[in-house]
Amino acid sequence: MNEKKPSVADVASKYKQYLFPSVATYYAEPVAIESGKGCQVRDFDGKTYLDFFGGILTVSVGHANERVNAAVRAQMDRLGHVSTVYPTLPLASLAEKLVKLAPGALEKAFFCASGSEADETAVALAQAHTGRQEVIALRHGYSGRTMLGQALTGHSSYRQSTSQVAAAKHAHAPYCYRCPFGLAYPSCELRCAQDVEELIRTTTTGQVAGVVIEPILGVGGVIAPPPGWMQLVVDIVRRYGGVFVCDEVQTGFGRTGTMWGVDHEGVEPDIVTMAKGIANGYPISAVVTTAPIAGAWRAGNIATFGGNPIACAAANATIDTIVEERLADNAGAMGKILREGLESLKAKYTVIGDVRGRGLMQGVEIVRDEKAGDRTPAVETTVAAFEEARRRGLLVGRGGLYSNVLRIAPPLVVTAREVDDALGILDESFAAISERR
Ligand code: PMP
């Protein structure tokens, strides 16, 4: 057999013909990836890219990581799948590891296959434990694509279904750059957090099951809260009987320079959801909670693919790598270089309105003209910067309610050299679009 090697165009045309949504290509010209190693990927036409979006923050220890691949291969040859009705060693070991590593004093783990499922499970647990229905979520937050996930998500463009399956009430996000109250931290005295009490008293029965918080709102445009915000929100929710569900789907496993995003806040969650970076891209997610909350689930609870042994082996190897190679520290150190570079770009280009985030989870909000005080979201400029970066061999993400935030989140193994290269490409990209304006 001497089949012709497929090109980017071949892959893209098949994609367009057989998948829906049929135009779901991130770039004007699709980037069809054939292979990857570390922080680099290569497309079917042989062009290489620095991958600073890492499979939407999943590829935590780098593409084709040898330790993860070896663990996956070994597990594949031993046992592929039996479902959660039989205990397996990779699953039991992963549960033990997560319970020991999780923030706060959590004791029990449950496994499923996606972040959406994990968030659904967490909310159902909060409801079962408290006997209450209503849940506080955040505007600009993202919880997934299931019905409940969409209902919790505070971002209209991700709501396909019109029905709201959960009693989700959306609090203001701690979006300081576009403060919903027109105030500034710290003189605002965390007005957005204080408002959660008003939200509970005016829009709920006065009793809530809990609050779902991403320590940094990722899809919402890398919105990082000011100091004290999370503590205040959680205190209010607990006063009204609710629990704190911390969604670490993006921020977990070293991403922000600490093992968990919530480690920056001094608040202990009651339930934590995890996915994305847990297994370097293999599909597995987890919910970790206290024994009393776990015990509130009385119904049958089976996730057929939850805790698949191969995905668990990938997760065990990924987490061991993050811990043993101190990759959270690397995320902190490389994040500092990245952040300083992005701040310099902000000083140079007036279309950069805001740079924010923590560690290797940084966002660059693009506006019409920051220096002239015009913060109108500049979507076309954002798309232009994104395309220019791709042309020069750098992949980043996009997000935000207005789709005007570049999301920069390379694998945690990124080197200073790679960060410098990425910053150089961003500099050239912004220079190119500034000339055009
Ligand atoms: N929570 C957060 C914070 C997320 O970013 C995402 C995915 N972007 C989800 C939940 C849902 O995860 P999944 O796409 O795996 O269902």
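This is a guided tour of the structure above, one selection at a time.

The model is predicted: local features need pLDDT of at least 70, side-chain atom pairs count only at pLDDT 80 or more, and totals for chains, interfaces and linings use all residues. Residues are numbered from 1 along each chain as its sequence is written, and side-chain values use heavy atoms, with hydrogens and water left out.

**Stop 1: the two domains**

Colour residues 8-61 together with 326-436 as domain 1, and residues 67-324 as domain 2. These bounds come from an automatic or database domain assignment. The C-alpha centres of the two domains lie 25 Å apart. Where they meet, 38 residues of domain 1 are in contact with 36 residues of domain 2; contact means heavy atoms within 4.5 Å.

**Stop 2: Ser60**

Select Ser60, in the loop between α2 and α3 (66-78). Helices (H or I, at least four residues) and strands (E, at least two) are DSSP runs, numbered from the N terminus. Ser60 has a relative accessible area of 2% and is buried. The scale runs as follows: buried is under 20% relative accessible area, exposed is over 50%, and partly exposed is in between, with a 1.4 Å probe and protein chains only. Leaving out residues up to four places away in sequence, Ser60 touches Gly277, Asn280, Thr318, Ile322, Pro411, Leu412 and Val413.

**Stop 3**

Seven aromatic pairs turn up in a search of the whole structure. Rings of Phe, Tyr and Trp (its six-membered ring) pair if their centres lie within 6.5 Å; planes under 30 degrees apart count as stacked, over 60 as edge-to-face and the rest as tilted. Show the side chains of Tyr26 and Tyr27: their ring centres are 5.9 Å apart and their planes stand at 90°, so this pair is edge-to-face. Tyr26 is partly exposed at 43% relative accessible area, whereas Tyr27 is buried at 6%.

Phe53 is buried, with 8% relative accessibility.

**Stop 4: Gln362**

Go to strand β12 (residues 361-369) and pick Gln362. Is this residue buried or exposed? Gln362 is buried, with a relative accessible area of 2%. Its side chain makes a polar contact of 3.0 Å with the side chain of Arg339, and reaches the backbone oxygen of Gly359 at 3.0 Å. A polar contact is a pair of N or O atoms within 3.5 Å; within protein, one must be able to donate a hydrogen and the other to accept it, and residues adjacent in sequence count only if both atoms are side-chain atoms.

**Stop 5: helix α8**

Select residues 229-239, helix α8, whose buried residues are Trp229, Met230, Val233, Val234, Ile236 and Val237. They cover an arc of only 160° around the axis, which puts them on the same side of α8; the arc is that of the directions from the helix axis to the C-beta atoms. Elements covering these residues include β5 (135-138), α7 (191-203), β7 (210-213) and β8 (243-247). After α8 comes Gly241, with a positive phi near 90°.

**Stop 6**

Most residues other than glycine have a negative phi, and most peptide bonds are trans. Find the bond between Tyr185 and Pro186: it is cis, with omega about 5°. Pro186 is in the loop between β6 (168-171) and α7. Glu189 is also found in the loop between β6 and α7, and has a positive phi near 55°. Glu189 is exposed, at 61% relative accessible area.

**Last stop: Ser403**

Finish in the loop between β15 (397-399) and β16 (405-408), at Ser403. The phi of Ser403 is positive, near 60°, and the residue is partly exposed at 28% relative accessibility.
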